[in-house]
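Please walk me through this model paragraph by paragraph, with the cut-offs behind each term stated where the term is used.

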Amino acid sequence: MITRSNSIFQNKWIVIVLTLLISNWSASQDISARFQSINDSDSSTAEKEKLFDNLLLDHYKKNNVSQLLSDRYELQRWYYRQGNIEKALAHNRRNLFLIDSLKMGDSAVYRKNRYSFGFYLLRNNQKKEAADIFNTLVHSETIDAQTFKSYSSLAQMSYNEEDFYAAADLYERGLELAINEKNSPYVAAFSQGAGYAYKVIKTEKSLSRGITVTKEALELLEQKKNPTPLDKLFLYNLYDLLGNLYNDRQDYNFDTSLTNYLKAERIAKKLNDSMRLSTVYNNLGYLYLHDNHKEANLYFDKALTFKPDKSLSSQLYKNKAEYYSKNNDKEAALNYIQKSIESLTKVDPSQLESLPEIDAFKDQEHKYLLLSSLIYKAKIWIEFSHQNPISGEDSYKNALQTLRLADTFVDIIRLVTTENKSKLYWRETASDIYVNATKVCFELNLPEEAFYFIEKNKALLLLEDLNKKQLIKNSNIPKTITDRETQLKANIVKYSTTESDNTNMYNAKVNYRQFLDSLDNNFRLYFKVQQPADVIDLHTLQSELEPDNAFLEFILDDNNGYGLLITQNQIELYNIDRCDLLKQNILQYRQLLSHPQRTLSDQNAYFKVSNHIYQALFPDRIQELIQNKSLTIVPDYYLQSIPFEALQTEDKAHRYMIFEHQIDYAYSATLLHNNKRIQRTNENQLIAFAPVHFKDLPNLTNTKSEAEHIGNILTSHLYLEKEATTSNFTNNIHDHNIIHIASHANSGTTEDIDPWIEFYDKRLNLQEIYQLDLEAELVVLSACETSLGENYKGEGAMSLTRGFFNSGANSVISTLWNINDKSSTEIIADFYNNLNNGLDKSSALHSAKLRYIASSELSEKSPYYWASFVLTGDTSAIMIEGNTHHFFLFIFGSIALLLLGYVVLRKKS
């Protein structure tokens, strides 16, 4: 399988050169003839410096301000070309001081000098100060070359930090502005930048958008009758990029990619540009590598003859390693992957076991490329152990050592990333590390270390967000600061959930970052995750388990899968066979769950697929170990979308897991452990919302009786029909132990939107739920698909369930598909009865489902009706303060039992 590591880093220099080309393209001002004469002379650098100083002094004495500003601006550039950034900055400051003293405001000369100051600061590694200047320029109402250059610089800064979503967003903003201003060079530049960012992100959606913007820029340039040299460079880059984008699609189109690469090659030959030829030959080789064609290696070797820079050399060696690995020459593959790593760091290429020091990552320019080479090196070690069983254990140990380093490295990268989507991108990258590390631990019989890697693959960002919130709550940060931070984050949410233009969204993010930067360092640290969350110790988890409880975690990708069973005194790591077949069965299982089993054919199909899944996930040894135990399951990847309790333990009618096990779910053992330790002191029992009637959606008439029934069981605040508004929800849910919502909801998975839940007046979006501040013991989402959302490997589904956990809930009952109004009302009502009778949350839901099954006939027994509800999080009982009539019923019942007991004793005596 081709990995996604053939990344943009092989072409990264193109974007940087492009930025510099555009900067120089509009940078020069009218300089004096005397300045030009000094610059063209054969004088030494020191002599030229004196002559320039005298020239500026003459301008000053003659009060020739305009020429003084122009010549000193050019002198800044001259010092920069000499490599003396400090003097360039010093002269830039003098120009800006003079401009300010003359009150020249937002004039063209001011903006040029302002941009150049940011440019030099950036080259002097003063990134924050540079970003502040660029942001000031793009926020201005003036639109000129400095605006475009500032967008380009900000985007490139995000790109260099490998914050690719932020880079794509900035390039798109610049592109929108360039189109409006009909500035074709910047249309091409920003299209190219956005396309490169989308290529690295490499989702189906990002690749599609990348193809669109690249094609539009090409159409614009192809219409030009007399293209400039800059146009030709753009054409090369865009053809090459378009080939990459098509090459990276899952349904990659060989012919389309080849056509675009060959167009890029022709332009590079005309330009006689060896670096661009090296790049396009690497891409051609990678295209042929899809089918393991021998031409792939020939192209890689051809590219290396041009002596490319270190990043492209590293990529080429990695691609050659992949070629040899696919041809079962693992030793050659190891040699080339070591060369790839050596191109970027100081390692001995002859010592295949050697790895770079962790310090090599901190200032590494090509982080993703180095990380992907390390991950691929570990994969080759794993394959090498299969090929050479005699040295297999040593090879596995080398793989594990490499993956440990990669794990540390990916944490370093993730923690400095600002955009949430970019963090998710790095989590997905890290998932590859953790699956392979678990595989090695399985082979080396290291279940405890496997537990660490499996936990690292589970909702780490959610855990870190919750840890950060608790840290802030327990800090001495003034309320004015926390309120301001909340408001600024709310603005980001506002513009991400409304039909606003990109400018508002971008400005909101900039305002938030500037607010954080303005804080005292002691306060600022609270708002940024400084270190990765610590994974719970395995023995701590075991000590918290009851004898009749088992904890089961899964980790898998499309090719490998593992389960880890943990009981109070036992750990069992096991392999899941045929993950490709398992994934197909899961998809079919989901489809069969989406409707009742009305025919014998429906039943047989369900029994067969369901039992196959059960046998794959619970082999005989595991079935023995979990007998008579309740299960807490931490699913992974596509397993997160299924109810385990509806799996068939036997290939015959109605032998579901729910009859043998009480099942609940968790995001991770660490999150479960940390969440339990939070003190929740809510004054009120339950608050419920049921809009019942909707403008554009079907009415849910049963939800009113559902809410009223709950109100008769527990002390409740009910908001029904017109009162079930978003404002009543957000203003009144605090200080309630239980929050119940009975309404419509949408996971967003089929409509490419954020998940939402409907209230009477409008819907509440996932991003808005993230901003809530709760300490609820339980949130019940009696609505459709509230447990589903866009799935990110290594982090999980971005669902409404996750949103409520992020906002502070201890546990959530949610749904896996569109629920039936009638059956869900029955199950939920029974759940609250059980809760009121003292059962813990898991037992209460389990019993409610069993009662529904027992009282149902024919197709109404189908899992479609009862299996959608799942409990995630803490399972403990909730202290119920019963209604008055319940209290008296309890008293009278107790008295009656005492009297009955007295009578029985009297009769016996």
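Is tyrosine 80 buried, partly exposed or exposed? With a relative accessible area of 27%, tyrosine 80 is partly exposed, where buried means under 20% relative accessible area, exposed means over 50%, and partly exposed lies in between, for a 1.4 Å probe and protein chains only. The model is a predicted one, in which local features need pLDDT of at least 70 and side-chain atom pairs count only at pLDDT 80 or more, while totals for chains, interfaces and linings use all residues. Residues are numbered from 1 along each chain as its sequence is written, and side-chain values use heavy atoms, with hydrogens and water left out.

Aromatic contacts come next. A pair of aromatic rings is described by the distance of the centres and the angle of the planes. Rings of Phe, Tyr and Trp (its six-membered ring) pair if their centres lie within 6.5 Å, and planes under 30 degrees apart count as stacked, over 60 as edge-to-face and the rest as tilted. By a search of the whole structure, 48 aromatic pairs are found. In one of them, the ring centres of tyrosine 80 and phenylalanine 119 are 5.4 Å apart and the planes stand at 70°, so the pair is edge-to-face. This pair links distant parts of the chain, 39 residues apart, with tyrosine 80 in helix α4 (residues 65-81) and phenylalanine 119 in helix α6 (residues 108-123); helices (H or I, at least four residues) and strands (E, at least two) are DSSP runs numbered from the N terminus. Phenylalanine 119 counts as buried, at 9% relative accessibility. The rings of tyrosine 159 and phenylalanine 164, with centres 5.6 Å apart and planes at 75°, are likewise edge-to-face, and both tyrosine 159 and phenylalanine 164 are buried. One aromatic cluster is formed by Tyr589, Tyr606, Phe607, Tyr656, Phe659 and Trp866.

Charged side chains also meet rings. A charge sits over a ring if NZ of Lys or CZ of Arg is within 6 Å of the ring centre and within 35 degrees of the ring normal. The charged end of arginine 763 is placed over the ring of tryptophan 756, 3.6 Å from its centre, and lysine 793 lies over the face of tyrosine 637, at 5.5 Å from the ring centre.

Helix α32 (residues 702-713) has twelve residues and spans 17 Å from its first C-alpha to its last, close to the 16 Å expected at 1.5 Å a residue, the expected span being 1.5 Å times one less than the number of residues. Within α32, Thr703, Glu706, Ala707, Ile710, Gly711 and Ile713 are buried. Seen down the axis of α32, these buried residues fall within an arc of 160°, so they line one face of the helix; the arc is that of the directions from the helix axis to the C-beta atoms.

Most residues other than glycine have a negative phi. Asparagine 125, although not a glycine, has a positive phi of about 65°; asparagine 125 lies in the loop between α6 and α7 (127-139) and is exposed, with a relative accessible area of 55%. Leucine 858, also not a glycine, has a positive phi of about 50°, lies in the loop between α37 (841-855) and α38 (863-866), and counts as exposed at 73% relative accessibility.
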